[in-house]
Amino acid sequence: MGLNPIVIGDTGYMFELDRFSLECLSRHDPVKEFSVHCQSSHPLLDQETGYTYNIGISIFSGAKWNVLKFPPAASKNAKDAIKKCEILTTFPCRNKTLISWLHSFGMSKNYLICIDQPSYFNAAKVISSIFAKGICPKDMNEWKPEHKNRFYFVHKQTGKVVKTEILSKEAFFFYHFLNCFEVGDNLIVDVFCMPNFNLVENQTIENLRTGYKARDKDSPTLQRFVIPLIATDIRKCSESVPNLITGFNTTARAYKVDNKIVLESEILSDTRMEFSSINRKFLGNPLRFVWCSGAFAVSLHHHKIFKFDIETKDILCWQAKENQFVVLK
Ligand SMILES: [Fe+2]
């Protein structure tokens, strides 16, 4: 028997569609079902175990991350899948009233990784918006780059959350993880990072009407963060070690300062790219090829499709020209 697709957006509402007609068969409220107020739009299927994971945030009694775990494809429909879902763990967001923008998360063989980014929804504004008119999500956003990005990782088997405070050196805004994987004693986290919040902040109706165009330098680049697993026990990390990453070839750095781990990323390519597609068999494992679309802004990278070789850093580029795509090397 074929199964119907279940689709989801950042609000966390889940919709079961008829797989032939795409008619909506049922709609499920995440607050009623799981007590979460948003969910990632990109649930991840663990190919080894068949479990599907998602991450949500609940906002009542202080913002908290919630890890949702759906059992292997034994579900007859969305209602059944939701009934069988378990909350693997919950843990507090770093700020009780500032809710990180959540769109995707990462998964390696043993861990689920989420990033609390400094582009927030203000909980007080969110709650007051329920009773107000004329407010859009952007009106509830706050960008606080001084907070940097906090990385969390959770053990998939035990639900145990690593307590060490792990922060990026530079703040970034992102929509999508590319992939996460483990090599030796390192957890590698690849993310499409934007250096600021301009993409969202500048897309007001006023700006669009006056011909505002996004800028290439605000568009995402693919960046690699490497978390040395020794960081699971901060007491074992020494401040005198300039880079805690060992046994993995990268220019990324991780070091201890003030009882925290700071991550400096490796920029895998200067080419502005996003909205990736990969062979899903490699999800959670080292990945070589990634297909992306070009930058949001009018630029060298605009209106192009890339095939990026992470190993050699070569890029094949297709550009739309006179109704056909040409390959640019
Ligand atoms: Fe997405």
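User: Hi! Which way do strand E4 and E6 pair, parallel or antiparallel?
Analyst: Antiparallel. In this predicted model, strand E4 (residues 38–39) pairs with E6 over two bridges. Gln-39 stands opposite Gly-56 in E6.

User: And what about strand E5 and E6, how many bridges there?
Analyst: Two bridges link strand E5 (residues 44–45) to E6, in the antiparallel sense. Leu-44 has Tyr-53 of E6 as its bridge partner.

User: Which residue takes a positive phi in the hairpin of E5 and E6?
Analyst: That's Gly-50, with a phi near 85 degrees. The hairpin has six residues between the strands.

User: Nice. How many bridges join E6 to strand E7?
Analyst: Seven, and E6 and strand E7 (residues 64–70) run antiparallel. Gly-56 turns up again here, standing opposite Asn-66 in E7. The hairpin of E6 and E7 has five residues between the strands, and Ser-61 takes a positive phi near 55 degrees in it.

User: Why is E6 called largely enclosed?
Analyst: Six of the seven residues of strand E6 (residues 52–58) are buried, so the rest of the structure largely encloses it.

User: OK, changing topic. What is the strand order in the open sheet of six?
Analyst: The order is E10-E11-E14-E15-E20-E19, with mixed pairing.

User: In which sense do strand E15 and strand E20 pair?
Analyst: Parallel, over three bridges, with E15 spanning residues 166–168 and E20 spanning residues 260–264. Ser-168 stands opposite Leu-263 in E20.

User: Where is Asn-110 found?
Analyst: Asn-110 lies in the loop between E10 and strand E11 (111–116). It is partly exposed, with 15 other C-beta atoms within 10 Å.

User: What does Asn-110 touch, leaving out residues up to four places away in sequence?
Analyst: Asn-110 touches His-155, Lys-156 and Glu-182. As for Thr-158, which is 48 residues from Asn-110 along the chain, the two C-alpha atoms are separated by 9.8 Å.

User: Zooming out, how many helices and strands are there in the protein?
Analyst: The protein has five helices and 26 strands. Its radius of gyration is 20 Å, close to the 20 Å that the globule rule gives for 329 residues, so it is as compact as a globular protein of that length.

User: And how much of the protein counts as buried?
Analyst: 36% of the 329 residues. Also, among contacts between residues at least 6 apart in sequence, 53% join residues at least 24 apart.

Terms used:
Residues are numbered from 1 along each chain as its sequence is written. This is a predicted model: local features need pLDDT of at least 70, side-chain atom pairs count only at pLDDT 80 or more; totals for chains, interfaces and linings use all residues. Two strands pair if DSSP finds at least two bridges between them. Helices (H or I, at least four residues) and strands (E, at least two) are DSSP runs, numbered from the N terminus. The radius of gyration is taken over C-alpha atoms; the globule rule is 2.2 Å times the number of residues to the power 0.38. A residue is buried if 20 or more other C-beta atoms lie within 10 Å of its own, exposed if 12 or fewer, and partly exposed in between; C-beta atoms are placed from the backbone. Two residues are in contact if their C-beta atoms, placed from the backbone, lie within 7 Å.
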